[in-house]
Amino acid sequence: MNYFKSISIGAHGALEMLAAPLLIVAPFVLGFGYLAGAISIGLGVALIGLAGSIYGGEGERPSVPLAAHAGLDQALGIFTVFVGVILLVTGELAPGTFMVGFGAAHLALYASTRYSRPLGA
């Protein structure tokens, strides 16, 4: 199973930091409703915070342990897919499709990340 865990935690954090603004900008570009837009922006802000939590200062530990980060990543991905499905059921196709796709991509990132640090790091 380690063959699939090819993304390091540093690359994982960088990808999250690059992807989070998509959640923040999407409501304005795709014309989400008020509730879908608020949820998308909130998830984007939460993802930025989660991505930044894996880095500590020089010689410091990160603010969130890696096991907790993994659990939060999984919860965020599942919640995003769940919100997307609810939006699709209520007839909001653009935000629902975007949220399901983003959640699925986040779960794929979660599944392919090694949640460990090199020795001495």
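Reader: Where is Ile54 found?

Author: Ile54 lies in the loop between H2 and helix H3 (66-89). Helices are DSSP runs (H or I, at least four residues; strands are E, at least two), numbered from the N terminus. One caveat: this is a predicted model, where local features need pLDDT of at least 70 and side-chain atom pairs pLDDT 80 or more, while totals for chains, interfaces and linings use all residues. Residues are numbered from 1 along each chain as its sequence is written, and side-chain values use heavy atoms, leaving out hydrogens and water.

Reader: What makes Ile54 buried or exposed?

Author: Its relative accessible area is 2%. Buried means under 20%, exposed over 50%, partly exposed in between (1.4 Å probe, protein chains only), so Ile54 counts as buried.

Reader: Which residues is Ile54 in contact with, leaving aside its neighbours within four places in sequence?

Author: Those would be Ile9, Gly13, Pro62, His69 and Arg117, contact being heavy atoms within 4.5 Å. As for Pro65, it is 11 residues from Ile54 in sequence and 7.7 Å away in space, C-alpha to C-alpha.

Reader: How do you know whether H1 and H2 are roughly parallel or antiparallel?

Author: Helix H1 (residues 9-30) and helix H2 (residues 34-52) pack at an angle of about 165°, with axes 8 Å apart. Angles over 145 degrees count as roughly antiparallel (under 35 roughly parallel, 65 to 115 roughly perpendicular, the rest oblique), so that's what H1 and H2 are. The contact includes Met17, Leu23 and Phe28 of H1 and Ile41, Leu47 and Ala51 of H2. By class, it has 13 nonpolar, five polar and one charged residues.

Reader: What is the span of H3 set against?

Author: H3 has 24 residues and reaches 35 Å from first C-alpha to last, close to the expected 34 Å. That expectation is 1.5 Å times one less than the number of residues.

Reader: Which residues of H3 are buried, and what covers them?

Author: Among the buried ones are Leu66, His69, Asp73, Leu76, Thr80, Val83 and Leu87. The cover includes H1, H2 and helix H4 (93-111). Just after H3, Gly91 takes a positive phi of about 95°.

Reader: How many helices and strands does the protein have?

Author: Four helices and zero strands, running α-α-α-α from the N terminus on. Across its 121 residues, 32% are buried. Of the contacts with a separation of 6 or more, 67% come from residues 24 or more positions apart.

Conventions
Axes are lines fitted to C-alpha atoms, for helices over the stretch in contact, and angles run from 0 to 180 degrees between N-to-C directions. Ala, Val, Leu, Ile, Met, Phe, Trp, Tyr, Cys and Pro count as nonpolar, Asp, Glu, Lys and Arg as charged, and the others, Gly among them, as polar.
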